[in-house]
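Have the structure open beside you as you read.

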Amino acid sequence: MSKKIHLQIDGRDIEAEEGMTVLEAAHSAGIKIPTLCFHHELEPWGGCRLCMVELEFGDWTRLVVSCVYLVEEGLVVKTRSLKVDKTRKGILELLLAHAPDSPQLTALAEEYGADRNRFEQDASFCIHCGLCVRYCAEVAEKHALGFIDRGIRKEISFIPEIAAKECNDCKGCFPLCPTSYLQAAFVLVESLAFPRNGK
Amino acid sequence: MTQLKSPEELDNYRQTLSSGRDANMPCISICAGTGCLAYGAAEVIGAFKAEIEKQGLTAKVDTKGTGCPGYCEKGPVVVIYPEEICYLGVMPEDVPEIITQTIVGKKVVDRLVYSDPDSGEKAIHEADIPYYKHQKRFLLSSNTLIDSRSIDDYLLINGYSALSKALFQMTAEEVVDEVKKSKLRGRGGGGFPTGRKWEGSREAPGEVKYVLVNADEGDPGAFMDRALLEGNPHSILEGLIIGGYAIGAHEGYIYVRQEYPLAVENIKLAIEQAEEYGLLGKDILGSGFDFTVKVHQGAGAFVCGESTALMTALEGRAGEPRPKYVRSNVKGLWNRPSVLNNVETWANVPLIINRGADWFTQYGTQGSKGTKIFSLVGKITNTGLVEVPMGITLRDIIYKIGGGIPGGKKFKAIQTGGPSGGCIPETLLDLEVGFDELTEAGSMMGSGGMIVMDEDTCMVDVARYFIHFLADESCGKCVPCREGLRQMDRILKKITEGRGEEGDTKTLEELSELAIDASLCALGKSAPNPLLSTLRYFKDEYEAHIKEKRCPALSCKELISYYIDPEKCLACLACMRKCPVDGISGGKNRIHVIDQEKCTSCGTCLDVCPAKFDAVVKYSGEPVPPPIPEEKRTIDRKKKK
């Protein structure tokens, strides 16, 4: 049995196990924290920053990413606060510029009052949650797609040589994509690099 | 060379070296740093060697290609020992005269020494030149004394004595304590207390630990670490070995950017030499302490200067920072305790061990001790590297050392701390330079870049430039940095192009807040600095761009128009011929007129208009005067004179 850790989330006393993240502790107690790049089968990645929560230490507070922050004895966590909501709203507005019709994003946008037209739209669809890339590497262990380039030019890309062999029988990443861009990218690489019907 | 097996053998070897050299033998040291090499220092070195041979002085004179002494503005820099005569801007054709006059005749060549631009007063020795006079060069001063490729030269200036002292006269805890007592703070940007970082690693559980050198100097316009690595690689190596001993690490890595080929070459050579001498490898100097060093070349990503991204890159993966809330001195490279310090921090270590923490703390301010190297660039008379005690004012750096702003222009701002630093205005020039002081002013120490800007610089455009740089260099992993910078870059571009709207600055502030609060690493958290500091100190410039569509610095291309003053134009045809869009009408004896419809604001007319006419002027925020009527365009030469 691992050590028990006691913390407070949104005013509730929670018992968690040592080594758990704040997100896991909250979820296990039925407290909802929104996520985009988190998946229970994958290593926490801390990329989307949507799961940020506010920690209270006496008279000062700190924003942390709950999917990687580990529980500590006596921790006081707020999953909603002015600061937390503002941060989530900002993140959602930035992402909506890429995928204004993603059902997951629009539902969250409604909850946090995010304006989908806040920023100039960019028809690139991918929100870089990395779920597909990490699923393929960590669960499927195929490494059939990866990120290329960096910063604002970063995008996901299938590696045709591997994708041609592995993807048709797997497609495990397809349901993970919050924007359907992944499927589009796959169809594109398939038609360009390894057409199944092409002679 | 047989390996040195004890501190006594090291001392004896040093003694042998020293008695084998005649201290009075003239030595010509020529800067072979990157800046001077670009000026043609290699040819100067070649010319010295040829001339010495020609005059039959080979046995009597020594020549050295050294590291950078810092006065890049006046390169190639040549210092002649033992008299320490400093010649500036030396060209191969000056060499025979220097040999005949100074080496043989013991006379100074007047025209090559420093001459004050105002008073004309000459200064023969480095210490008397204003550029050097106000500096405290503990780290850089060794650069001109040694051939950067010679370990013997380094030993002759007491090199590796700090290592010997640490290994034989101090326990590892004592070394950590000394560094803690010195209050040395990380020179790479964060300013974290070095001793505390070391202590954390020393106490962290684990058999295998690492010490790492961050030589991924990526700030535009910064070359402090480059000068140290190229000029005095052994000093960094010595610091690193001492650090390894202190925290209990037996392996070190030097992460150096590939874009620094000379630095890579020199540090690799230094490692080979140190191994050959028994100063690196197994049982160093017979102490029983083993330590090896490997060089890793970065692939050119700014974000890899961030500590966890650097470690991820060292592990062989894409250089992205780690999201975990664990200090890397406890769990760093391959999840083992790792101390990562910047080049300049490591170079300070041998000095602190040799001279003691008390010596070190006598320089600087309450919170920032010792000296700091800055690369002083931009609109400044003396471009170069300066090493100053912490606590010196920005004004002294700019005016006493830097020689002020060239061309009679007015100072506007100084940007410190690299791309994610901030711009500090004239009203704060008396600010004492220190980690906390700069942060309070909305900028940061960073690794030591200082870019001086004059009245012709548009501060909105400066913010746009740096935000664009950071958007490009962001790793792209987290949303507030990648997407936030993308939008900030867009809005700033829009403003500089005259398409800014009411509310843009508020959006910029909100995006900045998000990036600071929610970004994964220091790149994103500090990225808004150039934007926020210019908004804080130069808000009027933002407003002029947005509300009046005017660029007060007359710099943003989309917001300025060019106009030829008919009173001044003497119809020389220069601008007409050079205008790339044939947008200037006129002719011989006919006043030239710019067709505003055709003009692309490229500025060529302004550049080519002879200074004595000075007829082309820029307008912003107001229409240019109507063209002078056709019938009045013929020039009456008599009247004009």
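A salt bridge here is a side-chain nitrogen of Lys or Arg within 4 Å of a carboxyl oxygen of Asp or Glu. Arg153(A) and Asp149(A) make such a pair, with their closest N and O atoms 3.1 Å apart. Please keep in mind that this is a predicted model.

**Salt bridges within the chains**

Over all chains, the structure holds 52 salt bridges. Side chains of opposite charge can pair when their charged atoms come close.

| Pair | N to O distance |
|---|---|
| Lys78(A) and Glu56(A) | 3.4 Å |
| Arg153(A) and Asp149(A) | 3.1 Å |
| Glu126(B) and Arg137(B) | 2.8 Å |
| Lys86(A) and Glu513(B) | 3.0 Å |

Take the salt bridge of Lys78(A) with Glu56(A). Lys78(A) sits in strand 5 (residues 76-78) of chain A and Glu56(A) in strand 3 (residues 52-57) of chain A, so the pair ties together parts that are 22 residues apart in sequence. Lys78(A) is partly exposed, at 34% relative accessible area, and Glu56(A) is partly exposed too, at 28%.

In chain B, a salt bridge joins Glu126(B) and Arg137(B). Glu126(B) belongs to the loop between strand 6 (122-123) and helix 5 (130-133) of chain B, while Arg137(B) belongs to the loop between helix 5 and helix 6 (151-156) of chain B, so this pair ties together parts that are 11 residues apart in sequence. Are these two residues buried or exposed? Glu126(B) is buried, with a relative accessibility of 15%, and Arg137(B) is buried at 12%. Both count as buried because that class covers values under 20% relative accessible area.

**Where chain B meets chain A**

The contact between the chains involves 31 residues from chain B and 33 residues from chain A. About 2,900 Å² is buried between them, with carbon and sulfur atoms giving 53% of that area.

Between chain B and chain A there are 10 salt bridges, including the one from Lys86(A) to Glu513(B). A network of salt bridges also links Lys89(A), Glu93(A), Arg118(A), Lys506(B) and Glu510(B).

Which helices of chain B supply at least two residues each to the side that touches chain A? They are helix 18 (459-473), helix 19 (479-496) and helix 20 (504-518) of chain B. Helix 19 of chain B gives the largest share, 8 residues. By class, the side of chain B that touches chain A has 12 nonpolar, 7 polar and 12 charged residues.

**Domains 1 and 2 of chain B**

In their contact, 12 residues of domain 1 of chain B meet 14 residues of domain 2 of chain B.

These two domains of chain B bury about 890 Å² between them, 67% of it on carbon and sulfur atoms. On the domain 1 side, Thr34(B), Phe138(B) and Leu139(B) lose the most area to domain 2 of chain B, together 57% of what that side buries.

Across this interface there are 0 salt bridges and 3 residue pairs in polar contact (both at pLDDT 80 or more). The side of domain 1 of chain B that touches domain 2 of chain B divides into 7 nonpolar, 5 polar and no charged residues.

Key: Residues are numbered from 1 along each chain as its sequence is written. Chains are lettered from A and ligands numbered from 1 in the order in which they are written. This is a predicted model: local features need pLDDT of at least 70, side-chain atom pairs count only at pLDDT 80 or more; totals for chains, interfaces and linings use all residues. Side-chain values use heavy atoms; hydrogens and water are left out. Contact means heavy atoms within 4.5 Å. Buried area is the accessible area (1.4 Å probe) that two parts lose on being put together, summed over both. A polar contact is a pair of N or O atoms within 3.5 Å; within protein, one must be able to donate a hydrogen and the other to accept it, and residues adjacent in sequence count only if both atoms are side-chain atoms. Ala, Val, Leu, Ile, Met, Phe, Trp, Tyr, Cys and Pro count as nonpolar, Asp, Glu, Lys and Arg as charged, and the others, Gly among them, as polar. Helices (H or I, at least four residues) and strands (E, at least two) are DSSP runs, numbered from the N terminus. Buried means under 20% relative accessible area, exposed over 50%, partly exposed in between (1.4 Å probe, protein chains only).
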